[in-house]
Amino acid sequence: VRQDFIRNLTSEDLDINSDAKGEERYITTAQASYSPFERLRLTGEYRWDQVSNRSSSFIDNHSQSIALQAAYKVTDNITLLIKDQATLQGKANNQLTGGFDYNLNDKTSISLLETWGDKGTSTLFGLSHKTSEDTSIYVNYNMSKDSSQTTLGQSKQIDKDTSIRQEKSFFSNEEDGDGASDVLIVDKTINKNSNLSASYERSQFYNKGYTTTRDAASATYTFNKKDKISFTTKGEYRYDKSTNGRDHQVLTYNRFKYYLTENLQALAHANYSITYDTNVQDRLAEFGEFRFGFAYRPVKSDRFNALTQYKFFMDKSPASQSDSYSNVQERRAHIASLEFAYDINKYIQLVEKGAVKLNRERAIPRDYTNSITSLWVNRLNLHIDDKWNLGCEYRILAEYETETHKQGFLIELDR
């Protein structure tokens with residue numbers, strides 16, 4: 001059982017961009033699973049979501065729903081699944097899903113799921129077949145009210161260290177249009193610590209009279225030496241050619257972990273992307289996220305664990321975009337956080353989390369604005385026995401420029 005409660009302390013001074021002005025919100029979820037015998041597993045879930053406006057004392061949004069699922073293993077090769085979701089109150093979203101997984105033999109398997117609901121029907125079908133010891137082929141088909149996608153694929157083990165995968169997809173979407181894509185992926189094990197992966201994709205999209213052709217290439221290198229050092233670096237280049245112009249996009253993802261001692265680790269992440277339009281010589285977008293921190297996780301005595309990190313975030317919209325008064329053209333943020341967990345005894349654990357965010361943004365037509373936000377989380381975990389755990393959490397969120405404060409609590413029961 002889990003409940004979230006969020007309340008604004010001062011509705012009069014809320015930020016105008018807040019998503020929950022003058023509101024109280026309760027979200028309660030309860031889930032239970034039971035296996036009356038080995039081949040059958042039953043799962044039930046209840047959800048209650050209520051949003052009220054304190055200033056006018058009426059319920060703006062109140063919804064309740066329940067879901068029941070049964071998975072039955074008829075034989076070692078056949079599993080049946082049925083799930084029913086019903087809306088008790090609020091906007092109707094009733095659904096009924098039925099399907100199965102069937103291993104025809106040791107080489108071929110099929111799966112089928114069908115969903116009927118207030119928002120339409122959807123079908124998911126899959127077929128895979130092992131043509132030889134090192135080669136497999138597969139087909140996946142997904143269709144719903146507004147979209148459909150068919151994927152044909154083949155995977156082959158070239159040798160013990162190298163595998164290759166090819167996929168061709170055809171898709172249609174009411175919002176994005178129609179299209180097709182071809183993907184080639186090669187995975188290579190260099191040695192026991194290193195892996196290399198490379199991929200190439202050519203795709204075409206057709207939407208509202210416009211055609212876009214995309215070429216994308218990426219490479220990923222991973223190194224992992226147990227209890228010493230590990231890092232992953234990925235680079236990707238995309239080229240989009242359409243009736244409207246030509247866009248170049250470069251993306252990079254990097255993750256690093258180094259063991260200073262067996263108990264102390266240094267962590268770093270760096271993600272960056274930039275998109276450029278060569279027709280108008282304009283930067284369409286730029287995004288960056290950089291993090292660095294330390295994690296203290298004792299191996300021999302783990303009563304106390306801690307994590308601290310610093311994060312820098314930047315997000316820039318097109319320099320020429322000036323048609324939306326609500327658009328944030330540029331945002332930069334510095335975030336510092338610290339959290340720790342301490343086992344008071346074998347039954348009680350104390351968890352504390354704190355963070356401070358310094359934000360600077362520019363929204364058209366205003367100039368730069370600065371803000372400072374802090375978050376403080378207090379939590380107690382109670383280990384009742386081997387099956388039951390109880391968690392109690394209290395949070396305080398403060399935005400100092402607008403003098404906005406929010407608080408909420410959570411009670412969680414796990415089994």
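Start by selecting Ala285, which is partly exposed, with a relative accessible area of 31%. One thing before you move on: this is a predicted model. Ala285 has its place in strand β18, residues 282-296. Which residues touch Ala285, leaving aside its neighbours within four places in sequence? Select Ser273, Ile274, Thr275 and Lys316, and you have them.

Next, zoom out. You'll see 24 strands and zero helices. Of the 415 residues, 24% are buried. The protein exposes about 26100 Å², and carbon and sulfur atoms supply 54% of that.

Time for some rings. The structure holds nine aromatic pairs. Select Phe37 and Tyr72, one of those pairs: it is edge-to-face, 6.3 Å centre to centre, with 80° between the planes. Phe37 lies in strand β2 and Tyr72 in strand β4, so this pair ties together parts that are 35 residues apart in sequence. Phe37 is partly exposed at 43% relative accessibility, and Tyr72 is partly exposed too, at 32%.

Hop over to Tyr221 and Phe231. Their ring centres are 5.9 Å apart and their planes are at 50°, so this pair is tilted. Tyr221 sits in strand β14 and Phe231 in strand β15, so the pair ties together parts ten residues apart in sequence.

Last stop: select Arg360 and Tyr368. The charged end of Arg360 sits over the ring of Tyr368, 4.2 Å from the ring's centre.

Terms used. Residues numbered from 1 in each chain as written. Predicted model: local features only at pLDDT ≥ 70, side-chain atom pairs only at ≥ 80, totals over all residues. Heavy atoms only, no water. Helix = DSSP H or I, 4+ residues; strand = E, 2+ residues; numbered from the N terminus. Buried < 20%, exposed > 50% of the residue type's maximum accessible area, 1.4 Å probe, protein only. Contact = heavy atoms within 4.5 Å. Areas by Shrake-Rupley, 256 points an atom, 1.4 Å probe, with all protein chains shown as cover. Phe/Tyr/Trp six-rings, centres within 6.5 Å; stacked < 30°, edge-to-face > 60°. Lys NZ or Arg CZ within 6 Å of the ring centre and 35° of its normal.
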